[in-house]
Amino acid sequence: MEGKLKKFGFEVNEKIKKAPPSYSIKGVVSFLNENTNEDDRRLSISLGLGDPSRFKCFRTTAIAEDAVIEAIRSAKFNSYAPTGGIFPARKAIAEYLSNDLHYQLSPEDIYVTVGCKHAMEVTVKVLARPEANILLPRPGYRNYENFANLHHLEFRFFDLLPERGWEVDLNAVEATADENTIAMVIINPGNPCGSVYSYEHLSKIAETARKLGILVVADEVYGHIVFGSKPFVPMGVFGSTVPVLTLGSISKRWMVPGWRLGWLATSDPTGLLRKCGIADSIKNVLGPAPLSPTFIQAAVPEILQKTTEEFFSKTIDILRAASALCYDKLKEIPCITCPQKAEGSMFVLVKLNLSLLEDIEA
């Protein structure tokens with residue numbers, strides 16, 4: 001080739017390059033697996049796997065499987081889905097969520113996403129604007145931080161109180177918020193704390209958010225997965241007090257995270273989110289985004305309407321027994337403290353006393 005070669009013109013995106021690293025439980029588990037001695041034949045148990053389908057005791061219901069098979073064989077759902085999801089799926093999700101509310105959600109309140117994680121990113125992207133900040137729980141789910149970094153939305157932390165069942169420190173929320181705070185995130189049932197919030201505490205969260213003039217992002221991906229003394233109460237119950245963006249999916253309750261069917265719902269009977277343009281912004285963000293598989297969406301009405309209580313009860317019984325066993329065994333380990341027995345989701349948070357460990361190199 002004659003002449004001088006032209007210098008390549010592509011460069012790395014400096015904003016992404018300089019962003020803090022995206023830590024995740026999955027990344028930590030992968031790191032540990034990669035650095036495990038292959039010659040060590042002792043059994044290892046992953047304590048950071050949020051995929052119930054990997055365990056034989058958590059197979060989904062035949063009703064869900066048959067619904068998907070029927071949708072595929074019909075050959076009616078091989079095309080792209082419309083932005084926000086097909087109408088039957090949105091209608092079924094609206095009815096499913098409305099069962100726990102004192103008002104009725106409409107299909108127009110529902111946006112189908114590629115799992116709940118996609119709903120998280122859509123929410124963060126919609127809320128991100130110059131100067132704005134969002135309040136995140138600590139401890140919490142790290143992907144909110146990762147998405148906030150990616151979309152240049154400032155985030156601030158408020159603490160959860162282990163001595164009070166991991167309730168939100170509402171005094172800290174008020175102290176942390178300012179005139180640029182736009183929302184706070186709550187995760188109920190809790191990941192990674194295994195907590196379940198009472199009606200009274202959720203009411204106080206709603207009143208605090210109302211006082212501050214911010215909306216509530218309610219991550220309820222583990223909705224109804226409760227096995228303690230408190231029932232599951234959706235944050236949308238308080239939608240008349242404060243606008244709520246409800247995030248959820250079929251991943252956990254139906255044990256099918258790989259099916260990638262989630263939703264974002266505007267639980268807002270006063271219509272404030274529509275008036276201020278949030279609803280339109282969600283549609284705009286979803287426009288060029290990936291779509292949840294159409295045949296999975298087509299199966300949603302059957303899945304949500306016909307799954308039996310027997311299936312759900314079996315899951316809860318297994319989780320209740322596992323939670324009790326885990327809590328009892330943890331109490332036998334000197335270097336670990338469990339501040340609160342898990343009451344929901346599929347996680348429990350413990351404190352490790354490093355001073356009691358021997359022959360461990362940091």
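I take helices and strands as DSSP runs, numbered from the N terminus: helices are H or I with at least four residues, strands are E with at least two. The model is predicted, so I note its limits: local features need pLDDT of at least 70, side-chain atom pairs count only at pLDDT 80 or more, and totals for chains, interfaces and linings use all residues. Residues are numbered from 1 along each chain as its sequence is written, and side-chain values use heavy atoms, with hydrogens and water left out.

Entry one: cis peptide bonds.
I looked up the bond between arginine 138 and proline 139. It is cis, with omega about 5°. Proline 139 sits in the loop that runs between strand S2 (133–138) and helix H6 (143–150).
I then turned to asparagine 191 and proline 192. A cis peptide bond joins them too, and omega is about 20°. I place proline 192 in the loop between strand S5 (181–187) and helix H8 (199–212).

Entry two: positive phi.
Which loop holds methionine 255? I find methionine 255 between strand S7 (244–249) and strand S8 (262–267). Its phi is positive, about 65°, although methionine 255 is not a glycine.
Arginine 260 is also in the loop between S7 and S8. Phi of arginine 260 is positive, near 55°, and this residue is not glycine either.

I use relative accessible area with a 1.4 Å probe, protein chains only: buried is under 20%, exposed over 50%, partly exposed in between. Methionine 255 is buried at 2%. Arginine 260 has 29% relative accessibility and counts as partly exposed.
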